[in-house]
Amino acid sequence: MKVLMFNAYFQQTVNESPLEHYRVRLVKIYYYLEDDSIAVTEPVVENSCLPQGKFIKRQQLPKDDRGSTWHWTDLNLGTDVTFYGKVFHIYNCDHWTQAYLESEGIVVGEPEEPPADPYAQTRVPLQYTHVTQSDFDRVRQFMTMDRKVLRFHAIWDDRSEMFGDARHFIIHFYLVDDTLEVREVRKQNDGYDPFPCLIGRAKIAKNPFDVDREFPAITMELSDHEVKDYFTPADFRIGETAKINGRPFLLYSCDDFTKDYYKKHFGVTDFEPLDVEPPSSRGPPRAHHSLPPYDGFGSLDDTRENCLHLIPQPPKTDVVKFLERDGQALCYLAKLESRHPEDERRRFIIYYHLNNDTVSIDEPPQRNSGIIGGKFLHRIRVPKKGEQFVQSGTIHHPQYYTAADFAIGAQIEVFKHRFILLDAAGCVLDMVREMWGNSVPEETIASLEVNQERKMTKIRPSE
C-alpha cells in the first residue's frame, strides 16, 4: 500500500480571549493511492488541552459541488486545500512523496516553515536572570528532578516474631519532592491480602518519636515544625538497613538509574547485590508431579491428557498428516507364534494406518477351524517389545512401532502376542520408499524387495 504524506497547518480562530486571536494547528495529510482516499491526523501535543488525533477519517473528500473529489495531482507544496470548509496550507512532505511526485512529472514546490503559534510562544518558560542565593531551590528541583525516581529492592525479615515472614518490597524515592513509598512485591498464592502499597507516597521522618515532650501526639499529627529530619537519598545504601516507620528494610539491589545517580552525586561504585534468601527460607524443592500407573483402559495419551487437565481433553493429533494420509494403510500378512497346535493355521492381517501411526489386526475367518474370525485388535498405537505397560507402573515416553519395524520375517509383539510377518501387499514397498526414503533401515527395504521378487517369480511361470 503506497501512501503520500504531506505536512500542513490551519489557523483556528479563538473568540473572546484577550491572550490570543488564533491558533496554528499542525496536521498530517495522508493520501492513499489505491482508492484516492484521504485521512487527516493531528499529532498529539502534551498538555495542549485540545482533542487531538484523528481529525478526518479516511474517505474520498469532495472538492466542489459538481461531485469531483480531491486527487493527488491537486496536492503540492505551497498550495491551499479545503476539506469540509477548513483551509489547510501544505508546507512540506516526506522524501518518498517528493520522489513520487517528481517521477510523475510534477514540479514540487519549495518546503516552507510553519508559522509560530502565538499562544505556544507565551508558554515558553522564561530564562531566570537572578542567581539562586542557596543550593536548595524548590523550582530548580522541580524542573530538573521531575519524573526521576530512585528504585531500591528491599526485604523485611520479620521471622523472629510470631507468624512473621521474609517479605520483599520495592522502595521508590521521588527526587522531585523527597517523598518515598514502599510497595510490596506480589507473589502468586502467597496467602497475603492484595494490598501492594505498604506505605503511601509521603515525606517520611527518620525518627518520628524524636519530638518535644510537650507535643500532644495523641490529638495532633506531626508537621514540618516538629520533625527534625526526613529521609534523603544519602540515607539509602546497598547492604544497609533503613528503618521506615519502625520497620527495618534491608536494601539488597537497585536499578541502573539509581546506580548512575549515586555514582554522580555520592561517588558510590559498589553496587553488588546481596543474597537475601538463605537456603532454609526458600522452602522445599518443588515436587515433581508424576503420572499415575497406567490401568490399561484406553491409550497412554488419553491417560496423560486426563491427568494434565481438569476437564478431560482428547489427545492432540497432527491435523495435516491426518488429512493427507486419511484412508492409507500398509497391509501385512502374519502368523501367530504360539505353543498351541491349534494356532498354527491361524493367519492375521496387520494394518499400519499412516494418518495416526496406529495398528489394527484382523483375523480372516477359516472354515471348520473352530475359531471365530473378525476383529482381533482395534486401532491403537502399539509400544515396542520391552516397553509394554505393567500393572505396577507406567512408561511416560515409550517407543511405538513404526513402518520401519515391519520387515518381512520380523517378529512384532503386540500386547504379549508375538506375530511373524509373512507377506506384504504389493504397494507397501513403493509407499515406504516414497514417504520415508533413507530413514527406513536397509534390512526392511531388502526384505520387502525380496518378498516382491518372490511373488513375481511365482507369477511368471503361470504366464
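Val45 sits in the loop between S3 and S4. At 48% relative accessibility, Val45 counts as partly exposed, where buried means under 20% relative accessible area, exposed over 50%, and partly exposed in between, with a 1.4 Å probe and protein chains only. From C-alpha to C-alpha, Val45 and Leu26 are 10.0 Å apart in space, and they are 19 residues apart in sequence.

Now some ground rules. This is a predicted model, so to speak of a local feature I need pLDDT of at least 70, and for side-chain atom pairs 80 or more, while totals for chains, interfaces and linings use all residues. Residues are numbered from 1 along each chain as its sequence is written, and side-chain values use heavy atoms, with hydrogens and water left out.

How confident is the predictor? The pLDDT, which is the predictor's confidence in each residue from 0 to 100, has a mean of 84 over the protein chain, and 89% of the residues reach 70 or more. Over residues 390–395, though, the pLDDT is below 50, and beyond near neighbours in sequence this stretch has 14 contacts in the model; a contact means heavy atoms within 4.5 Å. Where pLDDT is low, the predicted coordinates should not be read in detail.

On to the overall picture. The protein chain has eight helices and 18 strands. Of its 463 residues, 30% are buried. Taking contacts between residues at least 6 apart in sequence, 49% join residues at least 24 apart. The accessible surface comes to about 31400 Å², and carbon and sulfur atoms hold 51% of that; these areas come from the Shrake-Rupley method with a 1.4 Å probe, and for residues only the protein chains shown count as cover.

Next, the charged pairs. Side chains of opposite charge can pair when their charged atoms come close. I call it a salt bridge when a side-chain nitrogen of Lys or Arg is within 4 Å of a carboxyl oxygen of Asp or Glu, and by this rule there are 19. One of them joins the side chains of Glu34 and Arg58, at 2.7 Å from N to O. Glu34 lies in the loop between strand S2 (22–32) and strand S3 (37–42) and Arg58 in strand S4 (residues 53–59), so this pair ties together parts that are 24 residues apart in sequence. Glu34 is exposed, at a relative accessible area of 55%, and Arg58 is partly exposed at 35%.

Further along, Arg346 and Glu363 meet in a salt bridge at 2.9 Å, N to O. The side chains of Lys375 and Asp362 meet at 3.0 Å, N to O, and Lys375 is partly exposed, with a relative accessible area of 46%.

Please turn to helix H4. In H4 (residues 256–265), Thr258, Tyr261 and Tyr262 are buried. They cover an arc of only 95 degrees around the axis, which puts them on the same side of H4; the arc is that of the directions from the helix axis to the C-beta atoms. On the other side of H4, Asp256 and Lys264 are exposed. What do the buried residues of H4 pack against? They pack against helix H3 (138–145), strand S7 (149–157) and strand S12 (247–254). Just after H4, Gly267 takes a positive phi of about 70 degrees.

Last, two backbone spots to look at. Tyr84 has a phi near 50 degrees, a positive value in a residue other than glycine. Tyr84 lies in the loop between strand S5 (80–83) and strand S6 (86–93), and is exposed, with a relative accessible area of 52%. Phe415 also has a positive phi, near 50 degrees, and is likewise a residue other than glycine. Its loop runs between strand S17 (411–414) and strand S18 (417–424), and Phe415 is partly exposed at 32%.

Technical notes:
Helices (H or I, at least four residues) and strands (E, at least two) are DSSP runs, numbered from the N terminus.
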